[in-house]
Amino acid sequence: MLFRRARSESLLDLPRIETERLAICPLERADAAALHRLTDDPAITGAIDFLPDPFTLADAEGLIAGGRHGRDRFLGAWLHEDRTLAGIVGAHLRGEGALEIGYWVGGAARGRGFGTEAVGGVLGLLRTRFPRRAILAECRRGNVASWGLLHKLGFRETGSEGHRPGRRQLVLEGGA
């Protein structure tokens, strides 16, 4: 008799997602230069505690390589019109019952709804793929744009501090 080991949950095989204006797909090594150009911006590195400033090409390569174990995955949100990288959405398995999302949008793409479109697309995929996991996010109180995006997509504050300094935890309503 053969026994199959239950497949552990993984983010390795997340598929490409198409939205109205974006192609969202897991970042690959070939995307490192675009990730570097987008992310080496003090407005981004100053807001995301795990990103070094300056954010180098080697940092971009390391961020992408960090997804090879399946617990963390970064997806690029590419504009359909010119294949420019507009933003990043990160998905992170946390313990047995939670999944955390995070994101950043490049300067030229900010304020145009790309963040909402990208995060919303990824949330749809994650809810289907991981229906038993609560989907969480963390946000600094002063980040008005991010609070607005998260509330628009259905996140509500849990009343708990986040794991990162100065962050509050939010949970997606209607989740697990």
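Is F74 buried or exposed, going by its relative accessibility? At 10% relative accessibility, F74 counts as buried, where buried means under 20% relative accessible area, exposed over 50% and partly exposed in between (1.4 Å probe, protein chains only). Keep in mind that this is a predicted model, where local features need pLDDT of at least 70 and side-chain atom pairs count only at pLDDT 80 or more, while totals for chains, interfaces and linings use all residues. Residues are numbered from 1 along each chain as its sequence is written, and side-chain values use heavy atoms, leaving out hydrogens and water.

Now for the partners. The structure holds three aromatic pairs (rings of Phe, Tyr and Trp, the last by its six-membered ring, with centres within 6.5 Å; planes under 30 degrees apart are stacked, over 60 edge-to-face, the rest tilted). One of them joins F50 and F74, tilted, with 6.2 Å centre to centre and 50 degrees between the planes. This pair bridges distant parts of the chain, 24 residues apart: F50 is in the loop between α2 (42-45) and α3 (57-65), and F74 is in strand β3 (residues 72-79). Helices (H or I, at least four residues) and strands (E, at least two) are DSSP runs, numbered from the N terminus. F50 counts as partly exposed because its relative accessibility is 43%.

F74 also forms a tilted pair with W104, at 6.1 Å centre to centre and 50 degrees between the planes. Again distant parts of the chain are linked, with W104 in strand β5 (residues 98-105), 30 residues from F74. W104 has 6% relative accessibility, so it counts as buried. Put together, F50, F74 and W104 make one aromatic cluster.
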